[in-house]
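Thanks for coming. I have one model to go through, and I will keep it short.

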Amino acid sequence: MPLLVEGQRVRLPQSAGDLVRAHPPLEERARLLRGQSVQQVGPQGLLYVQQRELAVTSPKDGSISILGSDDATTCHIVVLRHTGNGATCLTHCDGTDTKTEVPLIMNSIKSFSDHVQCGRLEVHLVGGFSDERQLSQKLTHQLLSEFDRQEDDIHLVTLCVTELNDREENENHFPIIYGIAVNIKTAEIYRASFQDRGPEEELRAARTLAGGPMISIYDAKTEQLRIGPYSWLPFPHVDFWLQQDDKQILENLSTSPLAEPPHFVEHIRSTLMFLKKYPSPTNTLFPGNKALLYKKNEDGLWEKISSPGS
C-alpha cells in the first residue's frame, strides 16, 4: 500500500510545494518547524547519525533518548516511526542509492514491530533547498516515490524539504533547516544542532567520503553503537586534494558550495587527512578485524568497550 496524507493516497509525481498546498495541515507543520529556533543538543543520551548512516531504537532504550543529524544541505533527514511501539529510525540520505535505502529504513522499523497490532507508520522528511543543480528536488522525488512503492501504508506527517526549506539571500539560495533531532520518548521532532558528532567522527566520515553504502550503526537490543569493521580503497588523488585551497575544495567536493556550514572545508580536510593516514583500514583501525563497540556510561556519554572474544 502507498504513501498517504490525511488518509488519502498521495498523487505522484508532484513537487513538494504542490503536495503541501493540496494538504494544509502538511503546510502548517512545515511552517511551524521552520519557525522554531535551533536547539543546541548536548551529548547526553544522544545518538548522532552521520551521512549515509541509519539508527533505530524505541522508547524502551535505557541509553538513547535522542536521535539527531545535521549539516544537511542537499541531503534529507528521514524519520520513520511506528506509533504503536514508538520504534523510531533516523537516517541522513544523500541520494546515493535511495532505492536500496528506503527498504533498509522500513526493515529496521519492522524488526521492532513484529507483534504490534495497533498504530501506524509515520514518515517525516526534512532538508534540502532550491539548489542550482536540483539535487534536492531529485532526492525529494526519489524518497516520496520509494516510500509510495512500499507494501505498507506510510503516513506522510512532515514534509519540509527543497522549496519548502529554502531561503534566498543576495540571489543565493540556502536551506533554512540544516539539522533535526527526534525525542524517542515523546516523538517530538525539532530543529537542532550538535557539538558532539562522535564517537569516531572522523572514521565514520571517512567511510562515507570513500563511498561506503548506507549502514545501520546501532544495536538497540544490546544498546551498543557498532562501528565497522570497514574497508575502503585508497582515496584517489588524496595528496592533490589536500594541496587545494578552500575554494577548490568547496567547489569540487560539495554538492552545494555556497550553502555549506562554515566548518565544511575543515571537516573535508580532516577526513582527507584521515584517509591518507589509513589508506587501508582493515587491520590498523579494526584490530583483529573486529567492530569498535561503544556504550553509554552513567553520565549518558559514549564509552568504548572491549570487543567480544579475543
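First, the conventions. This is a predicted model, with local features needing pLDDT of at least 70 and side-chain atom pairs counted only at pLDDT 80 or more, while totals for chains, interfaces and linings use all residues. Residues are numbered from 1 along each chain as its sequence is written, and side-chain values use heavy atoms, with hydrogens and water left out. Helices (H or I, at least four residues) and strands (E, at least two) are DSSP runs, numbered from the N terminus.

Start with helix 2, residues 24–35. Its end C-alpha atoms are 16 Å apart, in agreement with the 16 Å that twelve residues should span at 1.5 Å a residue; the expected span is 1.5 Å times one less than the number of residues. Leu26, Ala30 and Leu33 are its buried residues, where buried means under 20% relative accessible area, exposed over 50%, and partly exposed in between, with a 1.4 Å probe and protein chains only. Down the helix axis these buried residues fall within an arc of 65°, so they line one face of helix 2; the arc is taken over the directions from the axis to the C-beta atoms. Pro24 and Gly35, on the other side, are exposed. Among the packing partners of the buried residues are helix 1 (16–22) and strand 10 (154–161); contact means heavy atoms within 4.5 Å.

Next, leucine 164, in the loop between strand 10 and strand 11 (166–169). Why is leucine 164 counted as buried? Because its relative accessibility is 11%. Beyond its neighbours within four places in sequence, leucine 164 contacts Ala16, Gly17, Val20, Arg34 and Leu159. Arginine 34 is 130 residues away from leucine 164 in sequence, yet 8.8 Å away in space, C-alpha to C-alpha.

Now helix 8, residues 264–277: 14 residues, reaching 20 Å from first C-alpha to last, close to the 20 Å expected. Its buried residues include Phe264 and Ile268. The buried residues of helix 8 pack against helix 5 (201–209), helix 6 (238–243), helix 7 (246–253) and helix 9 (282–285).

Helix 8 also gives the largest share of the lining of the largest pocket, six residues.

Last, the hairpin. Strand 18 (residues 292–296) and strand 19 (residues 302–305) run antiparallel, joined by four bridges; pairing requires at least two DSSP bridges. Lysine 295 stands opposite glutamate 303. Five residues separate the strands, and glycine 300 in the turn has a positive phi of about 80°.
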